[in-house]
Amino acid sequence: MPPRDNPSARQVRLGAELRKLRECAGRTAREAAGLISTDQAKISHIEAGRIGISEDRIRRLAAFYGCRDEALIEALCVIAREHRGKGWWEAYRGVLAQRFLDIAELEHHALHLRALQPVTFPGVFQTESYARALFGTVIPKLSAEEYEARVEHRLKRRAIFERDNPPPFQALVHEAALRVRVGGRKVALEQLEHLLEVSERPHVTVRVIPFVNDEIELTQTVLYAGGVVPQLDTVQIDTPFGGRYLDATAQLAQYGELLDLAEHASLGPGESRNFIHHVAREL
């Protein structure tokens, strides 16, 4: 099977974790290739997520690398067992860019989520009208097909809350996001009312960061997704070129601290709901 041209972020992550284990063990790609009777180039492709790997080979490599973390090894085997076409987002392959599929897959597999939103609302909390207004301002203008696909895909991301055990989701939303009238007054008011509704769900926490408490740098959109084991935690940040996924220990710690600071600067859940009510009345 030829290498994948466009591996998913989750496939890339599997390879990256195998590379981390190898490097921590002080083993070379050549040594790893010899263990599983392949060549060094294939190991490079595996570690880049461009070629899949069997559970048996993962376990053999983990033993060779001296990894005794059974929970991590099993988590990696779970990823290896996954096949394209199983997730609902796969219906959009070839229609939307890979980054749209990656964010849906990340949310789907997360055990818990924390989001920092400086100027917009979390995608999973957006109303259809709000999403349409956002995608309607994309430059260059989207084709009708892609426009509709993006809106539909964004609304389907809500599926994470329809499970029997939805992941806890903490949304840290800046006051600026509440006051920007995306799509005009009617759309903005509908979005605020929807945010109030979702904030009442037992697994959702919405906290507002008011302008008066803005004591830290909060200009970057951040999503922290907790993995089934801490080593698989992932941070997704928005850039002008699409989402970027971070998994280095220092990066996870840095953005975890940023989210903690943002939470400290925010109002409590009850105060936040009152604040959102106040902003809605002012529209």
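Helix 6 gives the largest share of the lining of the largest pocket, four residues. Helices here are DSSP runs of H or I with at least four residues, strands are runs of E with at least two, and both are numbered from the N terminus. The model is predicted, so local features need pLDDT of at least 70 and side-chain atom pairs pLDDT 80 or more, while totals for chains, interfaces and linings use all residues. Residues are numbered from 1 along each chain, and side-chain values use heavy atoms, without hydrogens and water.

The largest pocket has a volume of about 980 Å³. Of its 34 lining residues, those closest to the centre are Arg-99, Phe-135, Arg-154, Gln-236 and Asp-238. Lining residues have an atom within 4 Å of a point of the pocket, which is an open set on a 1 Å grid where a 1.4 Å probe fits, with protein on both sides within 12 Å along at least five of seven lines. Elements that give two or more residues include helix 8 (144–156) and strand 5 (234–239).

Helix 5 (residues 70–81) has 12 residues, which at 1.5 Å a residue should span 16 Å, and its end C-alpha atoms are 16 Å apart, in agreement. The expected span is 1.5 Å times one less than the number of residues. Its buried residues (under 20% relative accessible area, 1.4 Å probe, protein chains only) include Leu-72 and Leu-76. The buried residues of helix 5 pack against helix 1 (9–24) and helix 4 (55–64).

Leu-21 is found in helix 1 and is buried, with a relative accessible area of 17%. Leu-21 touches Leu-72 and Leu-76, among others, where contact means heavy atoms within 4.5 Å.

Definitions and conventions:
Buried means under 20% relative accessible area, exposed over 50%, partly exposed in between (1.4 Å probe, protein chains only). Grid points are joined across faces, edges and corners, and a volume is the space filled by probe spheres set on the points. Lists of a residue's contacts leave out its neighbours within four places in sequence.
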